[in-house]
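Reader: I have a structure to go through with you. Can we take the annotation, then the helix packing?

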Amino acid sequence: MAVLGIALLIGAIVALVATALLKHLRLRRQFAACPGPRSFPLIGNAAQLKMKPEDFMDQTMGTCMMFPAYPRMQNIWLATEPYVMLYGAEVVEVVLSSGKHIDKGFEYNMLHPWLGRGLLTSASTTWRPRRKLLTPTFHYDILKDFVEVFNQQSKILLGILRPFAESGKSFDVSTYIASCALDIICESAMGRSVNAQLNHQSDYVKAIIEINDIIHKRQKNPLSWPNFLFWHFGNGKRHAWCLEVLHGFTQKVIDERKAEIDKLGGMDEMMNALQDKRNNNVGDDDVDSKKQRLAFLDLLLDLVDRQQMPMADVRPEVDTFMFEGHDTTSSAMTWTLHLLGCYPEVQRRVHAELDALFGDDARDITFEDIGSLKYLECCVKETLRLFPSVPMFTRVLKHDQPIDGLVVPAGTQVVIVSYMVHRDPKHWPDPEVFDPDRFSPQQTAGRHPYAFLPFSAGGRNCIGQRFAMMEEKTVLAWLLRYFEVESVQRRDQ
Ligand code: HEM
C-alpha cells in the first residue's frame, strides 16, 4: 500500500511539473516573434539580471536601447514569468487606453503593508468606484486653497537656502527640496505640519524617508521579493519600525480630526463654520488661518459621514497621498533646478517671465499667477520628459491583447517604460536635448497623446497631477525669483 501511495504521489508530482513545463514552453513559443534579449527555458533572463538596485535602471534602459526599432516593445523572462516592455507611444496606447487593463503588477504588493488597498494599489473591482468618489477631491476649486500652503513652505525653504546662496558655495539642494515637499503634502493631506524643513529629527520624517528607500530598493532587487527573505535577511525589521511610526501618526491625526469634527456637531457644521470664516474674509495673517482650509483628510471624513466610504479606508488613502505626493514632486523640482542650472539661457527666460510678473514685489504667489507662468511650466514638463519621477509602471493584462500583431496572453505583466517613451525620436527629435519649447502650444499641437506620460495616461492616471504641477511651479517660482542656480555637474559628465 505504502509503495502504491508513494508511486501515486511521484506520478502526481511528475504530471504537475510536466503540465507546468508544457504551459511554459507553449508560452515561450507564443512570445517567440517578440524581440528581446536571449533567454532560456525555466530560468529566462535570470542569468543576465543585475541584482544591485542601483544597476536596475541602467539595465532596464540599456535593454530598451538594444531594441530601438518599432514597435518599441520587447519580451523578457523572469524565470518562467513573461514580461512585456512597451516604450513606444503607439503600443502604450493600446494598453493604457483600454478601460480593462487597470490592475497593477505584483511589485505593488510590496506597498500593501504600508498603503493597504488605497487608490494606487487597489484591484480593479474596488478601484473604479473609489476613483469616482475621490476625483472631485482634486478639483481646481479645492486645490486653490492649497496655494497658501505652497507659499508658506516655499518661504521657509527660501530662508533655509539663503545663507548657502550668500556664501556662494555649492551644496546639494535635493534634501532641502525633499523636506519642503514633505511638509507641503503633510499639511495638504492631513492638515498637520510635521515640520520636516526645520526638524529633521522627527520620527515620522525619518520613517517616511527610510520606508521609501527600503521599498524602492526592494522593488529593484528580486532577491528581496520573497517575504521570508525580506523579513528575515533584508530590511524587514527597519520596515516594521517605519510602519509602526507612520501608521501610528496617521491614525492619531485621523482620530483627533474626527473628534474635532464631532465636537463641532458634524461635518456640515464644520463646513459652515469654515464658510463663515471665509465670508468674513479673515486675512492670511490670522493665527487661525489654517482652519480656513480643508485638508484632503477632511474631504475623506466627509465621505465617511455621508456613508460613501468606510472609516477603515481613510488611513490607506491618506498614506497613499503621503507616498505618491512627496518623492515624486521633490524629484521633479530638483531635476528642474539641475537642468536650469545647466542651461543658463533657459534660466534667463524663466527669470524674465518672473520679473515681468512680480518685479520687485515680494507678494505671495496666487492661483492666477501659477496659471500665467507658462514658460516655467514648459521647463517643468520638459524636465518630467527627460527625468520622469516614475520612470516605469506596470499593468497586468485582463484579457488576451493583440499588440502590434502579437497576441499577448491575459495575465502577462506589461511594463510601461515612460523614460524611454519620452526618448522616442519619432515624437521627440534630438530626444536628449533639453528644450522647453517642445511644450509650447504650437509644438504640442498634433503630438501623439501617449508620447508624454509622466503622470501615466488613461483612466488610471495620476489623480494628483494638477496639485503636483501647481506645487512645483510655486516652489520653483519662489526660488527663482530670488536665486540664480548653477549646476556643479553638467549633463555630459
Ligand atoms: C511630479 C509629481 C507626480 C508624478 C510624476 C506622479 C506620477 C504618477 C504616476 C505615473 C501614476 C500612475 C502609477 C501607476 O500606474 O502605477 C500616479 C498615480 C497616482 N498618483 Fe501621482 N504623481 C505625482 C504627484 C502626485 C501627488 C502630489 C499626489 C497626491 C496628492 C499623487 C497621487 C497619486 C495617486 C493617488 C495615484 C493612484 C491613482 C489611481 O490609481 O487611480 N500623485 N502618479
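Reader: Which residue does the UniProt annotation "binding site" cover?

Author: This is a predicted model. The "binding site" annotation, from an unreviewed UniProt entry, covers Cys462.

Reader: Where does Cys462 lie?

Author: Cys462 is in the loop between α20 (441–444) and α21 (465–482).

Reader: Buried or exposed, or partly exposed?

Author: Cys462 has a relative accessible area of 24%. Buried would need under 20%, so Cys462 counts as partly exposed.

Reader: What does Cys462 touch?

Author: Leaving out residues up to four places away in sequence, Cys462 touches Arg131 and Phe455.

Reader: Helices now. How do α8 and α14 cross?

Author: The axes of α8 (residues 174–190) and α14 (residues 314–324) come within 9 Å and cross at roughly 160°. That makes the two helices, α8 and α14, roughly antiparallel. The crossing of α8 past α14 is right-handed.

Reader: Which residues meet there?

Author: From α8, Leu182, Ile185, Cys186, Ala189 and Met190; from α14, Val318, Phe321 and Met322. By class, this contact of α8 with α14 has 8 nonpolar residues, no polar and no charged.

Reader: And α11 with α12, at what angle do they cross?

Author: Roughly 85°, with the axes of α11 (residues 236–264) and α12 (residues 267–279) coming within 7 Å. α11 and α12 are therefore roughly perpendicular to each other.

Reader: Which residues make that contact?

Author: Arg257, Ile261 and Leu264 on α11, with Met267, Glu269 and Met270 on α12.

Reader: How many of the residues between α11 and α12 are charged?

Author: The contact of α11 with α12 has 2 charged residues, alongside 4 nonpolar and no polar.

Definitions and conventions: Residues numbered from 1 in each chain as written. Predicted model: local features only at pLDDT ≥ 70, side-chain atom pairs only at ≥ 80, totals over all residues. Heavy atoms only, no water. Axes fitted to C-alpha atoms, helices over the stretch in contact; angles between N-to-C directions. Helix = DSSP H or I, 4+ residues; strand = E, 2+ residues; numbered from the N terminus. Parallel < 35°, antiparallel > 145°, perpendicular 65-115°, else oblique. Contact = heavy atoms within 4.5 Å. Nonpolar A, V, L, I, M, F, W, Y, C, P; charged D, E, K, R; others polar. UniProt positions renumbered as here; feature names shortened; annotations may be inferred. Buried < 20%, exposed > 50% of the residue type's maximum accessible area, 1.4 Å probe, protein only. Left-handed = near helix turned anticlockwise from the far one by under 90°.
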